[in-house]
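Please look at the sequence and the structure first.

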Amino acid sequence: MNNEIIVVAELSDNRILPVTYELIAFARALAAGDSAPVRMIVPGRETHAVARDLADETGLDTIALVGDPLAFYNAETWMTAMAARLAVRKPRYICIAHTSRGCDFAPGLAVRLGASCITAVEGFSRQDGAARFVRKIFNGKIKMDVTPERDTTVLTVLPGAFKVEQKSPRAHLAGSMEVLKIPDHPQKIRTLGVIPAEEQDLDLALADVIVSAGRGIGAEENLELIRRLAGLFSKSAMGCSRTVCDLGWLGYKHQIGLTGKTVAPKLYIACGISGAVQHIAGMRGSKMVVAVNKDPRAAIFQIADIGIVEDLMTFIPLVMDA
Amino acid sequence: MKILVCVKQVLDADGPVRIDASGKWIEEAPAARFRMNRFDEFALEEALRIREGFPGTRIDALSAGPARAAQTVRRALEMGADDGIHLFLDDERYRMPFEIASLIGAYASDRHYDLILAGVMAEDDMQGQVGPMVAEILEYPWATAVMSQKLHKTGDGPDASGTIYVERELEGGLREAFELTLPALLTIQSGINRPRYPALSHVLRARSQALITIPASRPGETDPVSFPAPRERIQSLEEPAPMKTGVILSGNPSEKAEKLRQILQERAFL
């Protein structure tokens, strides 16, 4: 069995997204145990230069997977292009970002390769030489250790879960760069392009304090209380979990999390937020986290600096009056 | 036109979630409440809206699960699905996404669905794999995390063809648009619609309508719908340590509120 680890780079406008460096750090840690080689795949129409830079910077051997069909992301082309090359290489692990696109093509790629598939990976441990991958279930309430059974495993790694070590020094030895051209055009999916976000709101990005509401607030009318709490602070803004947007209580521009905004305020007050990994991924960088939730087992308490197990509707008025 | 909607029954995680004696899955406490995965409710609602736009469309709702999953299939009928299919698993063991996808794939392979819908993920295991895996098994094109769709159908019956325009959700409020050739599979992101409450007429119909129950056999057996060997194994489940660095405030509610204000003042937030 080959012990190679492949990292699939994620690009936007032909630029490497930061999550790619997290994947590299993850792959290197994973490789360290059995000194496995780590290689990068950089898919896109013309990624030669980007792949060359990555090889120089990281010292990793890099494959530029190029061709007109890869001009825009598309599950079919991404998967077909990669599966053909990976089926030959038979790597041990394929590391993909747990982003919207990563989640779109990774499971299909695993099926095509007959590989194991483990998504939303936050880390790993080793037992008897075998890697066990850690992920969370039930809104973060339970931690799950999973091992693959197949020779190849597709992993999607949660953004933000695996920190990049100090800006690592430029590699002494540049990695090699190989170009593979993809001829095949997609047959069943036509890409029509990216649609910009509807309304942009800078409030969340600029706020020192974010007061955020989750489903635990119970009812739309209780938002008023959250709003008043936010009003206690200067330079504050209202955020929320995805569920609150889905219920129509607040617009999606307030959503914090993997698919919403990523914020890093000085103070984050999570009100009735369960703490699913999708939400945490968007606020992990907050300097101080205060969590109020009546469920003492809510996952949000795992990352809170100050935890308060109380009912919001009784507790917030007390804070306002204290 | 024929639509298949995959619905999963999940344990309601608003209640207590405890690890079972095997340490490999979640205990089914007597008071445990099971319900339809919320993401699948959005998928089913979207199918119902497509049927409103294309009269004559039939919607099958399918769930793979133990005996209790029949309740969730029935719930789908109450919401308005035409037929309910229960891929019956004879124990309550947790199945990995590829196992479930293989079952659904085997069931759907000769049934010519024009469109298959599922939720973007399940609330319990949060894997988000079954949908795209079913698509790949059936060689359907797919799009995940779909936030809007528009179907273009030409002709009807087995010779029908068409495309579906979809917008899928990217990070930071962006979307990307695709056109998929039918048959296709979509996983539906929450918020695409407001799932309806069952209408009384559907509830009454669902009460008397029989479900189509298909036993799912063990690996290697040659029933129409059988399992592959699992490709991943759960080694252990664990409740994460309650808190890494922080403190839980103690006292009565007023004391906690006073402490919180003090802390916020010390840090100059107030």
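In this predicted model, B:Q149 has B:V166 of β8(B) as its bridge partner. The two strands concerned are β7 (residues 142-154) and β8 (residues 161-169) of chain B, which run antiparallel and are joined by 8 bridges. On β9(B), B:V166 stands opposite B:F178. Strand β9 (residues 175-181) of chain B pairs with β8(B) over 7 bridges, also in the antiparallel sense. These two strands, β8(B) and β9(B), form a hairpin with 5 residues between them. In its turn, B:G172 has a positive phi of about 65°.

Strands of a sheet pair through backbone hydrogen bonds, either parallel or antiparallel.

| Strand pair | Bridges | Direction |
|---|---|---|
| β7(B) and β8(B) | 8 bridges | antiparallel |
| β8(B) and β9(B) | 7 bridges | antiparallel |
| β16(A) and β17(A) | 5 bridges | parallel |
| β18(A) and β13(B) | 2 bridges | parallel |

The parallel pairs in the table belong to an open sheet of 6 strands, in the order β15(A)-β14(A)-β16(A)-β17(A)-β18(A)-β13(B). Which strands stand at the edges of the sheet? They are β15 (236-240) of chain A and β13 of chain B; each has a single partner strand, so one side of each is left without a neighbour in the sheet. Within the sheet, A:A270 stands opposite A:A291 in β17(A). Helix α6 (residues 253-266) of chain B packs on the sheet and touches β16, β17 and β18 of chain A.

Strand β18 (residues 306-308) of chain A is joined to strand β13 (residues 247-248) of chain B. Here A:G307 stands opposite B:I248.

The contact between the chains can also be described by totals. It takes 82 residues from chain A and 84 residues from chain B. The size of an interface is often given as the accessible area lost when the parts come together. Between chain A and chain B the buried area is about 7300 Å², and carbon and sulfur atoms give 56% of it.

There are 9 salt bridges across the interface. One of the salt bridges joins the side chains of B:E169 and A:R242, at 3.0 Å from N to O. Polar contacts between chain A and chain B number 42 residue pairs. On the side of chain A that touches chain B, helix α4 (residues 100-113) of chain A gives the largest share, 9 residues. That side divides into 42 nonpolar, 20 polar and 20 charged residues.

How values were computed
Residues are numbered from 1 along each chain as its sequence is written. Chains are lettered from A and ligands numbered from 1 in the order in which they are written. This is a predicted model: local features need pLDDT of at least 70, side-chain atom pairs count only at pLDDT 80 or more; totals for chains, interfaces and linings use all residues. Side-chain values use heavy atoms; hydrogens and water are left out. Contact means heavy atoms within 4.5 Å. Buried area is the accessible area (1.4 Å probe) that two parts lose on being put together, summed over both. A salt bridge is a side-chain nitrogen of Lys or Arg within 4 Å of a carboxyl oxygen of Asp or Glu. A polar contact is a pair of N or O atoms within 3.5 Å; within protein, one must be able to donate a hydrogen and the other to accept it, and residues adjacent in sequence count only if both atoms are side-chain atoms. Helices (H or I, at least four residues) and strands (E, at least two) are DSSP runs, numbered from the N terminus. Ala, Val, Leu, Ile, Met, Phe, Trp, Tyr, Cys and Pro count as nonpolar, Asp, Glu, Lys and Arg as charged, and the others, Gly among them, as polar. Two strands pair if DSSP finds at least two bridges between them. Axes are lines fitted to C-alpha atoms, for helices over the stretch in contact, and angles run from 0 to 180 degrees between N-to-C directions.
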